[in-house]
Amino acid sequence: FVGFLTFSRTLLCLGMVSCEQNENDSENPVTDLSAITSNYIVTNGETLCGTLSSNIKISVADGATVTLKGVTIGGETGENWEWAGLTCLGDATLILEDTNRVTAFYEGYSGIYVPENKTLTIKGTGSLTATGQEAGAGIGNGNYTSCGNIVISGGSITAVGGYGASGIGCGVACEDEAYENPTCGDITIEGGTVVAYGGYSASGIGAGGATMCGNIRINGGSITAVGGNGGSGIGGGIQTNLTESTITISGGSVTAVGGDYASGLGSGMYGNWGDILIEGGIVSASAGLDSVGIGCGYAPSSCGDITISGGYVMARGNNEGAAIGGGHQSLNGCGDITISGGTVIAEGGSQGGSGIGTSDYSCCKNIKISGGSVTASGGFYAAGIGTGQNGSFESILISGGEVWASGGMSAAGIGTGAESLC
């Protein structure tokens, strides 16, 4: 009977997070959020734990490295508490231990705010759920301020953007002309497990609705990014003009799912994106309605060159969208599509999207394949490699690799779809 009591107490202790100070480590204090009664700035070396018991602004000092250990931040929303769940005052590093939850206090604010021209680094072995309010990113900024760079190298992270805001990256454009539209710096993921959900019109990782974002690079980790309606999985939101921004994937496992009318990787609806480079890793990119897996979104959208030199890439178009290339009715289309290595499987949308090339009423420049293993299938009236129905391209050059291409009804395996030009 005594042994049973001892065993039960051990289980309880394993489920608790200690907020006690280590007597042998006085230089790294432990702060219990439940004991804080006024706005508080966390300093370098400090550990936060516990649950914030009232609507108090918690900030991280410039240059500080802070450990989050079983933290819950968030309270009632209201105009008296206009701040993010956690506000970084400059460069900051967050080390994750145990389970942490951070939520913005008011609309227009992010779960975790990163100031412009500064860098937030997140690492550790714990988990973090960061949630923005309406117009606020999960991690990044809201619609009143711009944000800096975001680096994730470890931990299990779930980031949820509010209406119009990305999961990781930028909030939505502000309707008040007194404020400039927000921008976001570069986003780099080097490791960890990351799940990011964009709000309506926003990307999972990247730009919010009608905002700006820097370059996105993924070197490792397990990443799932889901865009809201009109927002890409990774890349642009609705009406974002980001022709100088790039997406580079060199490692990790990446699943990118576009919202309706937006790409999995690339631009959102009515938006523009720069170059897309896949050098390695495992990539699955799925389009939203009438859009492409990798490339540009629906209607007058565009993207730069698409280059695949390694990795395993699975891309799926939706309805009238290509798997890789220009989106449905994207009259500006995409640049060159170049494949020199890796394994590529491209399935065009069933109602007029090519496997590699263009969607219905779309265009691309040159398609060049010099290596790798490529399997491309077109939808109804669409080529496997070339155009969708009513599409156009400049040239196709295949000089190496293993290529299998099948077209849909009345379309070539390699060449044009029905009623198309080359």
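## Salt bridges

E347 is partly exposed, with a relative accessible area of 34%. In this predicted model, the side chain of E347 meets that of R316 in a salt bridge, at 3.9 Å from N to O. R316 sits in strand β33 (residues 312-316) and E347 in strand β36 (residues 343-347), so the bridge ties together parts that are 31 residues apart in sequence. R316 is also partly exposed, at 33%. Why can such side chains pair? Side chains of opposite charge can do so when their charged atoms come close.

How many salt bridges does the structure hold? There are three. Another joins K368 and D336, at 3.8 Å from N to O. K368 lies in strand β38 (residues 366-369), while D336 lies in the loop between β34 (324-326) and β35 (337-339), so this pair connects parts that are 32 residues apart in sequence. K368 is partly exposed, with a relative accessible area of 32%. D336 has 17% and counts as buried, because buried means under 20%.

E279 and R217 also form a salt bridge, and their closest N and O atoms are 3.6 Å apart. This pair links distant parts of the chain: E279 is in the loop between β29 (276-278) and β30 (282-286), R217 is in strand β21 (residues 216-218), and 62 residues separate them. E279 is partly exposed at 38% relative accessibility. R217 is partly exposed too, at 33%.

## The disulfide

Now to the cysteines. A disulfide is a covalent bond between the sulfur atoms of two cysteines. The count here is one disulfide. Which cysteines does the disulfide join? C19 is joined to C49, with 1.9 Å from S to S. C19 is in the loop between α1 (2-14) and β1 (30-32), and C49 is in strand β3 (residues 47-51). C19 is partly exposed, at 24% relative accessibility. C49 is buried, at 0%.

Where is the cysteine sulfur closest to that of C296? It is in C303, 4.7 Å away, which is too far for a bond. The cut-off is 2.5 Å. C296 is buried, with a relative accessible area of 0%.

C363 is buried, with a relative accessible area of 18%.

## Aromatic pairs

The structure holds five aromatic pairs. One of them is Y163 with Y200, which is stacked: the centres are 5.3 Å apart and the planes are at 10°. Y163 is in the loop between β14 (156-160) and β15 (168-169), and Y200 is in the loop between β18 (193-197) and β19 (205-206), so the pair brings together parts that are 37 residues apart in sequence. Is Y163 buried or exposed? Y163 counts as exposed, at 52% relative accessibility. Y200 is partly exposed, at 43%.

F380 is partly exposed at 35% relative accessibility, and Y381 is partly exposed at 24%. Which residues form an aromatic cluster? Y261, Y270 and Y298 form one.

How values were computed:
Residues numbered from 1 in each chain as written. Predicted model: local features only at pLDDT ≥ 70, side-chain atom pairs only at ≥ 80, totals over all residues. Heavy atoms only, no water. Helix = DSSP H or I, 4+ residues; strand = E, 2+ residues; numbered from the N terminus. Buried < 20%, exposed > 50% of the residue type's maximum accessible area, 1.4 Å probe, protein only. Phe/Tyr/Trp six-rings, centres within 6.5 Å; stacked < 30°, edge-to-face > 60°. Salt bridge = Lys/Arg side-chain N within 4 Å of Asp/Glu carboxyl O.
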